[in-house]
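Please open the structure in a viewer and keep the selection panel at hand.

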Amino acid sequence: MFPTLTFIAPSALAASTFVGADIRSGIRIQSALPAVRNAVRRSKHYNVSMTALSDKQTAISIGPDNPDGINYQNYDYIPVAGFTPLSNTNWYAAGSSTPGGITDWTATMNVKFDRIDNPSYSNNHPVQIQVTSYNNNSFRIRFNPDGPIRDVSRGPILKQQLTWIRNQELAQGCNPNMSFSPEGFLSFETKDLNVIIYGNCKMRVTKKDGYLVMENDECNSQSDGNKCRGLMYVDRLYGNAIASVQTNFHKDTSRNEKFYGAGEVNCRYEEQGKAPTYVLERSGLAMTNYNYDNLNYNQPDVVPPGYPDHPNYYIPMYYAAPWLVVQGCAGTSKQYSYGWFMDNVSQSYMNTGDTAWNCGQENLAYMGAQYGPFDQHFVYGDGDGLEDVVKAFSFLQGKEFEDKKLNKRSVMPPKYVFGFFQGVFGALSLLKQNLPAGENNISVQEIVEGYQDNDYPFEGLAVDVDMQDDLRVFTTKPEYWSANMVGEGGDPNNRSVFEWAHDRGLVCQTNVTCFLRNDNSGKPYEVNQTLREKQLYTKNDSLNNTDFGTTSDGPGDAYIGHLDYGGGVECDAIFPDWGRPDVAQWWGENYKKLFSIGLDFVWQDMTVPAMMPHRLGDAVNKNSGSSAPGWPNENDPSNGRYNWKSYHPQVLVTDMRYGAEYGREPMVSQRNIHAYTLCESTRREGIVGNADSLTKFRRSYIISRGGYIGNQHFGGMWVGDNSATESYLQMMLANIINMNMSCLPLVGSDIGGFTQYNDAGDPTPEDLMVRFVQAGCLLPWFRNHYDRWIESKKHGKKYQELYMYPGQKDTLKKFVEFRYRWQEVLYTAMYQNATTGEPIIKAAPMYNNDVNVYKSQNDHFLLGGHDGYRILCAPVVRENATSREVYLPVYSKWFKFGPDFDTKPLENEIQGGQTLYNYAAPLNDSPIFVREGTILPTRYTLDGVNKSINTYTDNDPLVFELFPLENNQAHGLFYHDDGGVTTNAEDFGKYSVISVKAAQEGSQMSVKFDNEVYEHQWGASFYVRVRNMGAPSNINVSSQIGQQDMQQSSVSSRAQMFTSANDGEYWVDQSTNSLWLKLPGAVIQDAAITVR
């Protein structure tokens, strides 16, 4: 039927530019024509581009497997250079349309797609345009070249939430006024925007005053050709990709558009003299989302040949976020911001004007994916700033339709999650007495005693797979019990590692991977056995009868992979079929045992799931040892044979988007939702379903290593296996900022780096370790985790625990203490995110109306306070540096702050809008600033001794720290619940939100407390600390329970103020120029304080 063709994936890339490109002639592929094809095929040779296919025919099966009859043609990872919708080859673009119907804020256009390189070929497909939120100026565009348009049953944006939003807005009288013009153009409006979609599906979005926000119109230069084509897809004879292209104003000096977000996609690496820099912005980049177990962020199998091996933007990471946030005309009256989300869980792409790969164009931006359907959301938000966009995006992903009391935009963690944790890959026993012999071996007991004996605030342990019985998930081994034998929990004479930690005021997470060891040599493994008995495992099935290999351990119809944890720690594994609802239930039941022996929260690791290389035709475990084939390379291209650190792309899995009733599809179409589905199963069936099995806190949480947009509804994340150089310190900040701009708020990095520092096993140098701690101590997740050099592995680092750096103990300890003092700042910010989607960590460009913040955006961030912009952090990110440039945002004054300022007075304020050059930052200090007009809730321990957040009570002092006023005003916010001891806050709304406002009138200052909700009482005294204030002449306090004048206390220290002063007394601390007030807890909801 067809001539001999040369195949690589849907683009126009030369073959020599990426791994796996094998341009061959003489490949004959037999393919069925799509059912909707209108044009008659002509025999003609086209110069197409995609990853080379194997020589076997492509099989199409219609039924329970592949119900839409998709002609799957690519089973490989395709680098950014291999995806080029701007080529003129084999792509269809929307050409014309006729109007369809309009109902429920959704319009249908019947679109004729013309093949760009031969318009005589055309196909018809319906395209849906839906207003998803009138007030938040959001809409979506959907079409499916391979079948009907479907609503997903799993994913970040669900039909139930969109229906809830529409019903709410209809009740408010909102009406988008969708209509078709006589020419067939669709027009509609939202609160602040007008939108027109032309007959060729190109669109124009303007503000109500006519100012252009976004368009995909013709290119200005005739030599560019008509490349801004709007909606596109590849001819199904040559691939399965979809895309959309729009105008990019990044190089337009009047607009200067900048791109952000994109989740955990690697940062852009720039050489700036002798100081390489990792850049926050996503402008001018070609990026791909392909969940990947990317050790050190630079695994060679996904680095294009000829390119340096340092991490860079074109290398995929653990988390998939096909989401871009755009800001234009920043700092002017014409400022605008919007976002694009391509809801597609196959490998996806984002190009913001990168021309380096011959796949982009400076004045264009595009998003696309290897497989359909096409579902793209435009999000503007209720305002013109970046934060407005992020909050509006979180609204679309929200759970308001479930009538949530608290967890509307993300799930609230237990408060202890904001403590400091230590993890070690290579801790071999709980007690020192049970530690096996071996060089540099360490026990959990030694780690805990090291921190507690050195008086560090210490929250708990990240217990790695060392605890498991020979890598068997959901098991423990005898060495991790105090009596050196596995027990059932609850025995005072035989404590599990988790119970032992509880006895010392600590909490624990443990490593739970998404696969089960399968080479058990006859050893009983109940979890594996029940998976087999229930037939819940992924089968070794494909659409083309691929032989994936098997092992003698069986089952014979199971898909088996080989896992490598590092250092020769390996096993064969079997995998649950995650799309099945009975798998989620089975998976959740397995957590009951861990929770019943004291586990507090989950560490979801190896979510890709991080298999070793397997080449079709090889034995499953041939990739072990020196005979391993390695990964695809120029000399051994994949051509659909390799597994790319996950299931082979051909493996059929129950569809994780539409559910078991839909059927099975190849993993290649599902890859980026695998980790999401895993975390959802753990959250809903494991944590919520087994809340009564939790022994200490009923609220639990997940920290995962991978995911997809929407993972915030299950837990937080750390940004994978990093290393110990200043580059990873820079990437830590940029990644976490962009993750927050992608709606995942609780993110952190392995402090000090996970992987080895050098081949000698040396620890991370103390200078770098200090800078990691200073940069990380105010980030949402704060864990020191490393690969320990022990005799059985002989790789990693000899130590990394903070107490092992005695020369820097004072500095390291005070910054950890500083985090604990500001625990309420982080917890309150988490509440704001859970209810409104406001990011915890704010990018500098979110500070609106200041064009100069961009020069500091790579390593400055903001957080805290009632609006989230009260604290500025500019940590040192260069090794051995003792100064740096700091930019203070405009329209305010700032006060230098940090751990030392707890016991010394504030320095003079610094005017914002200026750069502080060569700002001193010795190793014992980090540039932190608090904005004037700020009130922060802070915590102390009653006896002054450091302890875990999970052991704080209301008797441990709560202090509202009032900084000098801004324009005679100051504001603060405080969220309070039981910390997760129960789930009463999320289930029944049992929490309190206290707002605080201060105002100055002449010589009189007022401080007023109010409550947005007060359903969880504060049970002890609380304090107000007024900075830069001396002795008052009078202080009066009034509330609904009465009023009185405060009396001066006879105490002479803060410790005495906490323990000996009476409610209604004040103290003047001359050493810090602070006024302290002690008040009864009963007035926290409505106190009105007047200070004269």
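Begin by selecting strand S38 and strand S39 (residues 861-863): two bridges join them, and they run antiparallel. Strands here are DSSP runs of E with at least two residues, helices are runs of H or I with at least four, and both are numbered from the N terminus; two strands pair if DSSP finds at least two bridges between them. Within this pair, Lys842 has Leu862 of S39 as its bridge partner.

The model is a predicted one, in which local features need pLDDT of at least 70 and side-chain atom pairs count only at pLDDT 80 or more, while totals for chains, interfaces and linings use all residues. Residues are numbered from 1 along each chain as its sequence is written, and side-chain values use heavy atoms, with hydrogens and water left out.

Six strands form an open, antiparallel sheet in the order S38-S39-S40-S45-S42-S43. Its edges are S38 (842-843) and S43 (910-911), each of which pairs on one side only.

Now select helix H10 (residues 809-821). Its 13 residues reach 18 Å from the first C-alpha to the last, close to the 18 Å expected at 1.5 Å a residue (the expected span being 1.5 Å times one less than the number of residues). Of these 13 residues, 10 are buried, where buried means under 20% relative accessible area, exposed over 50% and partly exposed in between, with a 1.4 Å probe and protein chains only. Among the buried residues are Leu812, Phe815 and Tyr820. Show the surroundings as well: the buried residues of H10 pack against elements including helix H9 (766-776), helix H11 (823-836) and strand S42 (893-897), contact meaning heavy atoms within 4.5 Å.

The structure holds 62 salt bridges, each a side-chain nitrogen of Lys or Arg within 4 Å of a carboxyl oxygen of Asp or Glu. Select Arg705 and Asp293, whose side chains meet in one of them (2.2 Å, N to O). Arg705 lies in the loop between S33 and S34 and Asp293 in the loop between S15 and S16, so the pair ties together parts that are 412 residues apart in sequence. Arg705 is buried, at 3% relative accessible area, and Asp293 also counts as buried, at 12%.

How many disulfides does the structure hold? There are zero, a disulfide being a pair of cysteine sulfur atoms within 2.5 Å. The cysteine sulfur nearest to that of Cys777 belongs to Cys873, 7.2 Å away.
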